[in-house]
Amino acid sequence: MWSRLRTCRNLCLKTRICFQLNRAQGTFSALLDENCRAGAVLLSTSSNVFHNLALEDWIHARVDLDNRSILFMWRNRPAVVIGRHQNPWQECNVPLLRERGIPVARRRSGGGTVFHDLGNLNLTFFSSRKRYDRQRNLRIVTRALKQLRPSLDVRVTDRFDILLNEQFKISGTAAKLGRTGAYHHCTVLCAVDRTLLSVTLRSSCTGIRSNATPSVPAPVKNLRDDDPTLTCEAVMEAVATQYSADFGLNRPVIVVDPTHELCHPGINGIAQELQTWDWVFGKTPKFTLETSLEVHYEARSSKVHLHMDVKNGIIETCGIEIPHNWLPPETCAELSRLMVGSRFCPTDTALIFTAFLRSNPESHKLETKIHILSENIAALM
Ligand SMILES: Nc1ncnc2c1ncn2[C@@H]1O[C@H](COP(=O)(O)OC(=O)CCCC[C@@H]2CCSS2)[C@@H](O)[C@H]1O
């Protein structure tokens, strides 16, 4: 069942050897049953947010966590991760993320929005629901950090953040409680791009009203800002060691590939589902958008008032109001009517406006204005 393939390159464990699950043999659950009854520390080979979130789901659904504790360590390329009950347009700059090719992922746990890149470490603590204990898990993280750099001032707050020097957030927490199993996951900011973090987490869309969970913004810092010699790898190694000591595990870190279907049957289907528009955007709690935008044509600008009710990501009512000298009221009314039933996204908006122009040929001037309006509305989405 075990195959000793190589010493893991990502995590340079000095005293322990990493093993990699032999892809040719058996499933992950069988491996745990045979070799890791008490628990295990896992490290992902993937930096794709959807693959890593899929492995979390897969373990939560498929692994017997009754008497077992698992720590899963993972890092992602740049991504924004929103909570289960959040509105992405309220929480981040969706158009900017799209332009930069940075994915938005909706996780299954509640809570707020965070930014990930390779300088951010994610730790998922799986346990039975009975043994679920966020204080214990976060104590493991702070102890590991103190072990690594005794001078670090890191403390857990009442809301399960970890603060550096009593002021700066270096870790945020969220959790998912199932019927019998549970997981608590947290971030650790080691060396993220803080400029990218703050521009991506600034919403570009004003005027949204909803009862989606709002994030709780906080000043953040990287551990590296305090000690430039710290690395993510060293933090992972320290956390793995502390976790194993705390839970009495004596197995080496297991390197897992969250895309491997034979080891984790059904996992790629989960990853696919997590990437769909219907999950990421369509699961947004019902919201109302009430906003104004300026449209410019030649030397004149005009104010557009926009009202939309959006449910499951689908526009349910739409009102576009523009001064009559900019666009004829019947055109406005027809465009508003056509928007109803479409997804709140730039592709659908562009398609609707293009279809309208195809079936209602307009003068060049009017056509240009309709394009401008279309682009301005799509830019909010
Ligand atoms: N990576 C990261 N770590 C810590 N804090 C962050 C991070 N990114 C942004 N922030 C700050 O936290 C607030 C949001 O705080 P808030 O308390 O609202 O939300 C959270 O902390 C959620 C943590 C989720 C952890 C999961 C673990 C694996 S997948 S994501 C945000 O506005 C920023 O100010």
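Modeller: One term to begin with: a polar contact is a pair of N or O atoms within 3.5 Å. This is a predicted model, where local features need pLDDT of at least 70, side-chain atom pairs count only at pLDDT 80 or more, and totals for chains, interfaces and linings use all residues. Residues are numbered from 1 along each chain as its sequence is written, and side-chain values use heavy atoms, with hydrogens and water left out.

Colleague: What does Lys169 do with the ligand, then?
Modeller: A polar atom in the Lys169 side chain sits 2.8 Å from a ligand oxygen. For Arg159, a side-chain N or O atom is 3.0 Å from an oxygen of the ligand. Phe115 uses a backbone N or O atom, 2.9 Å from a ligand nitrogen.

Colleague: How many residues surround the ligand?
Modeller: 25, counting those with a heavy atom within 4 Å. Phe115, Lys169, Thr187, Val216 and Ala218 are the closest. By class, 12 are nonpolar, 10 polar and three charged. Here Gly counts as polar, and Asp, Glu, Lys and Arg as charged.

Colleague: Which strand gives the most to that shell?
Modeller: S13, with four residues. Strands here are DSSP runs (E, at least two residues), and helices are runs of H or I, at least four, numbered from the N terminus.

Colleague: New topic. How many salt bridges does the structure hold?
Modeller: 11. That means a side-chain nitrogen of Lys or Arg within 4 Å of a carboxyl oxygen of Asp or Glu. One of them joins Asp57 and Arg108, at 2.5 Å from N to O.

Colleague: Where are those two, Asp57 and Arg108?
Modeller: Asp57 is in helix H2 (residues 49-62). Arg108 is in the loop between strand S6 (104-106) and S7. They are 51 residues apart, so the pair links distant parts of the chain.

Key. Polar contact = N/O pair within 3.5 Å; in protein donor to acceptor, adjacent residues only side chain to side chain.
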